[in-house]
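My entries follow the order in which I looked.

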Amino acid sequence: MLTTEIQYVQWFENETLRQARWLSQSNHVPPARIVVVDDKTTADEAYRLACAGTSMLWRGDFNNARQLLQAITRRIDRANERSEQRKINKATNKSAKFAKPTDEALVPSKVIPNLFHQQRQVQSQRSRLLSRLLLELDVGYISQLRRAPDVSAACTAAFGELNESCLLSFRDLQGALGAAGWRVKGVAIENLSLSIFPHYGVFAPTRHEYVQLLLDAPLPAVYDVAFDIGTGTGLLAIILAQRGVKQVIATDLNPRALACASENLARLESAVQLQQADLYPTDAPLANLLVCNPPWLPAKPTSPLEFAVYDANSTMLRGFLQGAKQHLAEQGEVWLILSDLAEHLQLRSRDELLGWFADAGLEVKYRLDTQPKHGRSQDDTDPLFAARNAEITSLWCLVPFNT
């Protein structure tokens with residue numbers, strides 16, 4: 001979501017001081033230096049300006065702005081590839097220097113956690129550089145650029161109503177346009193022969209391996225009531241309803257997610273109750289089944305759009321586990337859908353996860369596993385390829401002790 005603080009940005013153009021509302025979905029601060037650029041600006045010039053911390057307000061052709069951003073992206077990626085390779089070589093050589101001969105197999109694993117954090121830093125810096133190409137939109141999100149498409153509907157859906165001119169990064173605008181496209185065509189869920197329509201700022205279920213896990217898991221003996229904690233698009237709640245659970249209550253703290261889930265439920269005429277809540281619903285019966293697919297990586301989100309991926313200190317995961325028993329009916333089950341990528345990245349150990357189960361008074365009844373099928377798990381040029389390729393996504397069926 002947008003930051004609640006209204007911010008403005010100023011710049012000089014044609015010897016006149018201009019001002020507009022600042023919009024940033026990545027929570028970037030308003031730019032301190034802005035220069036006006038157009039079709040005459042070369043990619044090398046734009047890249048140098050971005051690296052120097054200068055933002056560029058585009059006044060040329062809309063399609064040329066897209067091409068310029070692509071050119072800047074290529075320059076950033078080439079520079080990052082060279083930098084990452086130097087870091088990998090340095091870290092590997094350092095580990096090898098201090099390793100015993102019998103420790104050679106351990107050298108790569110010692111490097112992985114540093115690579116993850118370095119890659120996040122690189123991605124953050126990349127985002128900052130790419131956000132320095134700016135566009136101005138008039139009241140109603142109207143662009144005056146040549147060959148500019150009508151972006152008003154996409155921006156309104158993404159950023160809300162705005163009755164003043166604004167400045168935003170071209171990249172944020174692309175995100176809004178892309179989200180509008182997903183909202184129209186949807187994400188096909190092959191296992192279910194249906195489509196889910198994600199909203200801007202709500203994690204799209206483009207990875208489907210966990211869907212089959214939810215379809216394969218045997219339902220508890222009694223399954224009158226189920227909670228879907230952190231529902232997002234509503235997909236897991238829809239699956240539970242389709243599997244015959246009589247009362248499904250889905251919660252989320254994000255208003256965008258609730259609006260998205262509501263739309264998807266209405267499309268499929270699915271009788272799921274939605275509630276805005278931090279984890280568990282209030283004034284609800286005990287559940288026979290608790291389902292949660294929390295963010296998989298215990299790292300701090302750097303923007304609101306990252307909350308579906310990163311869970312700082314595993315706060316949501318641990319909160320879900322700690323609250324499970326008090327919301328669970330007799331002989332009820334907990335279904336936790338979780339990737340072990342964090343373990344391969346050495347951000348969390350398996351013993352730590354099992355310890356959280358025990359601390360919550362839960363034990364493992366069974367576990368269903370599946371391997372990833374997404375492209376990054378097969379990309380051997382990724383510095384984290386070894387971890388991604390070894391990743392397993394699991395549905396952990398947990399029950400209270402002595403049941």
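**Aromatic rings**

I looked for ring pairs in this model, which is a predicted one, and found that the structure holds five aromatic pairs. I took up the pair of tyrosine 141 and phenylalanine 159, which is tilted, with 6.2 Å from centre to centre and 55° between the planes. I noted where the partners sit: tyrosine 141 is in the loop between strand S5 (133-137) and helix H4 (152-159), while phenylalanine 159 is in helix H4, so that the pair links distant parts of the chain, 18 residues apart.

Next I looked up accessibility, and tyrosine 141 has a relative accessible area of 3%, which makes it buried. Phenylalanine 159 has 10% relative accessibility and also counts as buried.

I then turned to phenylalanine 159 and tyrosine 200, whose ring centres are 5.7 Å apart; their planes stand at 80°, and because edge-to-face means over 60 degrees, the pair is edge-to-face. Tyrosine 200 lies in the loop between strand S8 (194-196) and helix H6 (209-216), 41 residues from phenylalanine 159 in helix H4. Tyrosine 200 is buried, as is phenylalanine 159. I wrote down that Tyr141, Phe159 and Tyr200 form one aromatic cluster.

**Charges over rings**

I found the charged end of arginine 120 over the ring of tyrosine 310, 3.8 Å from its centre. I also found arginine 367 over the face of tryptophan 396, at 5.0 Å from the ring centre.

**Annotated domain**

Finally I checked the UniProt record, an unreviewed entry, where the annotation "domain: Methyltransferase small" covers residues 196-339. Over residues 196-339 I noted 29% helix and 24% strand, with the end C-alpha atoms 22 Å apart.

Conventions
Residues are numbered from 1 along each chain as its sequence is written. This is a predicted model: local features need pLDDT of at least 70, side-chain atom pairs count only at pLDDT 80 or more; totals for chains, interfaces and linings use all residues. Side-chain values use heavy atoms; hydrogens and water are left out. UniProt positions are given in the numbering used here, feature names are shortened, and annotations may be inferred rather than shown by experiment. Helices (H or I, at least four residues) and strands (E, at least two) are DSSP runs, numbered from the N terminus. Rings of Phe, Tyr and Trp (its six-membered ring) pair if their centres lie within 6.5 Å; planes under 30 degrees apart count as stacked, over 60 as edge-to-face and the rest as tilted. Buried means under 20% relative accessible area, exposed over 50%, partly exposed in between (1.4 Å probe, protein chains only). A charge sits over a ring if NZ of Lys or CZ of Arg is within 6 Å of the ring centre and within 35 degrees of the ring normal.
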